[in-house]
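Please read them with the model open.

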Amino acid sequence: IAGITQAPTSQILAAGRRMTLRCTQDMRHNAMYWYRQDLGLGLRLIHYSNTAGTTGKGEVPDGYSVSRANTDDFPLTLASAVPSQTSVYFCASRKDQGAGGELFFGEGSRLTVL
Amino acid sequence: DAKTTQPTSMDCAEGRAANLPCNHSTISGNEYVYWYRQIHSQGPQYIIHGLKNNETNEMASLIITEDRKSSTLILPHATLRDTAVYYCIVRVAVGNTPLVFGKGTRLSVIA
């Protein structure tokens, strides 16, 4: 089934460890996004990429890095995880620029940093 | 992008219409109104979007006031499966500006 795949679905991580959340889409969408969701704060944009080879910072980029080597993959890396990065992370993609082009979301990755 | 204001929560009886309001009084002429929803622990799902005309699709209707400062998402016959958090977002239509989500409205459909 075409769509967005995130991995892992859930992870417990010790503080200070490095972690990469993977996101792959097979819809050939140009734009991809990473959001985090915390209780009471809604969805917040971390980083985004409008096309392969480019990335941009969202609302809460500190402590995170991304890369976009190709169209399909958009990994999110926590270089040294901290407890405040405990959250549910959603990856999304979007095909078209302009008014149309709905966002398609993955099922999320639940990360707990102890 | 303009900010939006939504009620924190709403209830709706099953089978009745759910009317979810959104205030976007600072919206610009080139900004669209988008609605997404998120069912518990799932990724958000697109519902509908519009500029100034009312829009309808298989999921919902979007009513935008003439001055575009507010809108209402209408689920005509709410079911228990419509229980979710509904997000109203305004966004410039040019380019690939990311969608910025607020806290949304938690809709509870009650049997």
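What is the volume of the largest pocket?

1. **Basis.** This is a predicted model, in which local features need pLDDT of at least 70, side-chain atom pairs count only at pLDDT 80 or more, and totals for chains, interfaces and linings use all residues. Residues are numbered from 1 along each chain as its sequence is written, chains are lettered from A and ligands numbered from 1 in the order in which they are written, and side-chain values use heavy atoms, with hydrogens and water left out.

2. **The largest pocket.** Its volume is about 990 Å³. A pocket here is an open set of points on a 1 Å grid over the protein atoms alone, where a 1.4 Å probe fits, with protein on both sides within 12 Å along at least five of seven lines; lining residues have an atom within 4 Å of a point. The volume is the space filled by probe spheres set on the points, which are joined across faces, edges and corners.

3. **Its lining.** Two or more residues each come from β4, β9 and β11 (109-113) of chain A, and from β8 and β9 (105-110) of chain B. The largest share, 6 residues, belongs to β8(B). By class, the lining has 15 nonpolar, 18 polar and 7 charged residues. Ala, Val, Leu, Ile, Met, Phe, Trp, Tyr, Cys and Pro count as nonpolar, Asp, Glu, Lys and Arg as charged, and the others, Gly among them, as polar.

4. **Strand β5(A).** Buried means under 20% relative accessible area (1.4 Å probe, protein chains only). Strands are DSSP runs of E, at least two residues, numbered from the N terminus.

5. **Its partners.** β4(A), residues 31-38, runs antiparallel to β5(A), with 7 bridges between them. Two strands pair if DSSP finds at least two bridges. W34(A) has H47(A) as its bridge partner. The two strands form a hairpin with 3 residues between them, and G40(A) in the turn has a positive phi of about 85 degrees. β6(A), residues 56-57, is also antiparallel to β5(A), over 2 bridges. Here Y48(A) stands opposite G56(A). This hairpin has 6 residues between its strands, and G53(A) in the turn has a positive phi of about 95 degrees.

6. **Disulfide in chain A.** The whole structure holds 2 disulfides, each a pair of cysteine sulfur atoms within 2.5 Å. One joins C23(A) to C91(A), S to S 1.9 Å. The S-S torsion is about -75 degrees, so this disulfide is left-handed. C23(A) lies in β3(A) and C91(A) in β9(A), so the pair ties together parts 68 residues apart in sequence. Both ends are buried: C23(A) at 2% relative accessible area, C91(A) at 0%.

7. **Disulfide in chain B.** The sulfur atoms of C22(B) and C88(B) are 2.1 Å apart and form a disulfide. Its torsion is about -85 degrees, so it is left-handed. C22(B) sits in β2(B) and C88(B) in β8(B), so parts 66 residues apart in sequence are tied together. C22(B) and C88(B) are buried.

8. C12(B) is buried, with a relative accessible area of 7%.

Technical notes: Helix = DSSP H or I, 4+ residues; strand = E, 2+ residues; numbered from the N terminus. Buried < 20%, exposed > 50% of the residue type's maximum accessible area, 1.4 Å probe, protein only.
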